[in-house]
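Try each task before you read its solution.

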Amino acid sequence: MTLRLKTILIVIVLLALLSNAFFLISSYLIVSQAKSYEESYVLSAVSRTYELLQNWGVSLLTTTTDYASWDDTVAYIQNRNDHFIRANFVDDTFIINRFSFIAIANLSEEVIFKKAFNIEKEAETPFSDALLSHFAPGSLLIRHNDCLL
C-alpha cells in the first residue's frame with residue numbers, strides 16, 4: 001500500500017470518526033435541550049391548569065356558599081316553595097355561572113331539587129342517573145363537614 005493511499009484512508013477514517021463524534025455530541029445536546037424545554041413546557045402547562053382549576057374552584061365555592069347561605073334557599077329546603085326555583089334557577093343562571101347542573105339537598109342528604117343544563121345548546125337537559133348516583137347519601141358531593149345550615 002502506497003503512502004498516498006494510506007494517507008487518504010487515514011483522512012477518511014478520521015473524517016468518519018470526527019463526523020460521528022460531532023453527530024453524537026450534537027444529538028446529545030439537542031436531545032437534552034429538547035427534553036429540558038419539554039419539561040419546562042409541561043411544568044408551565046400543569047401550573048397554568050392547576051391555577052385555572054384553583055380559581056374555578058374558589059369561584060364555584062363562593063357561588064355555592066352564597067346560594068347555600070341565602071335565607072331563601074334555607075326556606076326552600078324547609079318548605080319547597082317552587083317560586084324560589086322559578087326565580088333563581090332560570091337558564092341565565094346556568095349560562096352566566098357556567099353550571100352544567102344544580103342540585104339542592106337537605107340535611108338528611110336527600111336531593112330535593114335537581115336540574116341539568118347543556119351550556120353549548122343553552123337548553124335544559126335530563127339529569128342523568130349516572131350523575132345522580134354521585135349524590136347518594138354519604139358521597140363527597142352531598143356530605144360536608146363545613147355545612148352552613
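Predicted model: local features only at pLDDT ≥ 70, side-chain atom pairs only at ≥ 80, totals over all residues.

Residues are numbered from 1 along each chain as its sequence is written, and side-chain values use heavy atoms, leaving out hydrogens and water.

**Exercise 1.** Find the order of the secondary structure elements in the chain.

*Solution.* Start with the rule: helices (H or I, at least four residues) and strands (E, at least two) are DSSP runs, numbered from the N terminus. The chain has five helices and three strands. Reading from the N terminus, you get α-α-α-α-β-β-β-α.

**Exercise 2.** Compare the chain's radius of gyration with that of a compact globule.

*Solution.* The radius is taken over C-alpha atoms, and the globule rule is 2.2 Å times the number of residues to the power 0.38. For 149 residues, a compact globule would come near 15 Å, but the chain has 32 Å. Next, look at the box that the C-alpha atoms fill: roughly 110 × 35 × 25 Å along the principal axes.

**Exercise 3.** Decide whether Leu17 is buried or exposed.

*Solution.* First locate Leu17 in helix 1 (residues 3–69). Then recall the cut-offs: buried means under 20% relative accessible area, exposed over 50%, and partly exposed in between (1.4 Å probe, protein chains only). Leu17 counts as exposed because its relative accessibility is 53%.
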